[in-house]
Each structure stands twice: as C-alpha cells, then as structure tokens.
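Let's walk through this structure together, one stretch at a time. Keep the sequence and the 3D view side by side as you read.

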Amino acid sequence: MRLRRRGAKRMLQRQLAMGWNQWRTVAAQMKAEREALERAARKFLNQKMYAAWNMWRSWAEEMRRQQKAMGGAIRRMIYRKLSMGWEKWQAVYQDQKFAARMG
C-alpha cells in the first residue's frame, strides 16, 4: 500500500514537473514573441518620428531661406526708396542753392 502511494505520488510529481516545465517553455516563448512585436512597433514608430523630424527640419530650413531672401528684398526696397529720397533732397538742395546764388 505504502509503495503504491509512493509510486502514485512520484507519478503525480513527475506530471506536475512536466506541466511546470511546459508552462515555463510556453511563457518564455510568449515573452520572446511579445518583445519581438514591441521591437518592431518601436522601430516602426521611430521611423515615422524620424521621417517627421526630417520633414520639419527641411521645412524650417526652407522657411529660414525664404525669410532671408524676403528680408534682403525688403531691405533693398527700403534702401532704394531711402536712396531715391536722399538723391531727391540733394537735387532740391542744389537747385535751391543755385537759385540763391542767382539771385
């Protein structure tokens, strides 16, 4: 009787150990699959973020270039008007100076 109980206990422990080992194997496999999926998702998201970052950098660089070009054009327009005003003032001054000498 005792021998039978020991044998049954041993069989039960063996089955429990086999079940435990199988559970550990499946759990490890599921963990590896989950980590692989997470890596793939991170890679996908990082690609999208990197692409968005590069697009923003290109846009910002283009805006800087346009701003510089517009600033130069506006400066040229302002200075042109200023130069025209200065030359007009000089011409009027010369005319008045000439008129004052003439009498």
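A word on exposure comes first: a residue is called buried under 20% relative accessible area, exposed over 50%, and partly exposed in between (1.4 Å probe, protein chains only). What you see is a predicted model, in which local features need pLDDT of at least 70 and side-chain atom pairs count only at pLDDT 80 or more, while totals for chains, interfaces and linings use all residues. Residues are numbered from 1 along each chain as its sequence is written, and side-chain values use heavy atoms, with hydrogens and water left out.

Start with helix H1, which covers residues 2-102. Helices here are DSSP runs (H or I, at least four residues), numbered from the N terminus. Glycine 103 follows H1 and has a positive phi, near 135°.

Now look at the charges along the helix. Side chains of opposite charge can pair when their charged atoms come close. A salt bridge is counted when a side-chain nitrogen of Lys or Arg is within 4 Å of a carboxyl oxygen of Asp or Glu, and this structure holds two of them. One joins glutamate 38 to arginine 34, at 3.9 Å from N to O. These two residues are separated by about one helical turn, because they are four residues apart in H1. Glutamate 38 is partly exposed, at 39% relative accessible area, and arginine 34 is partly exposed as well, at 46%.

The other bridge links arginine 65 with glutamate 62, with 2.6 Å between the closest N and O atoms. Both lie in H1, three residues apart, again about one turn of the helix. Arginine 65 is partly exposed at 49%, and glutamate 62 is partly exposed at 28%.

What about surface patches? They are made of residues with over 30% relative accessible area and no salt bridge, joining like charges within 9 Å and nonpolar side chains (Val, Leu, Ile, Met, Phe, Trp, Tyr) within 5 Å. Arg2, Arg5, Arg6 and Arg10 form a positive patch. Among them, arginine 5 is exposed, with 58% relative accessible area.

A nonpolar patch consists of Tyr50, Trp53, Trp56, Trp59 and Met63, which together have about 630 Å² of accessible area. Such areas come from the Shrake-Rupley method with a 1.4 Å probe, and for residues only the protein chains shown count as cover. Tryptophan 53 belongs to H1 and is partly exposed at 46%.

Finally, find methionine 49, also in H1. Methionine 49 is exposed, at 56% relative accessible area. Its C-alpha atom is 50 Å from that of serine 83, 34 residues away along the chain.

Note on methods: Lys and Arg count as positive and Asp and Glu as negative; His and the chain ends are not counted. The place of a charge is taken as NZ of Lys, CZ of Arg, CG of Asp or CD of Glu.
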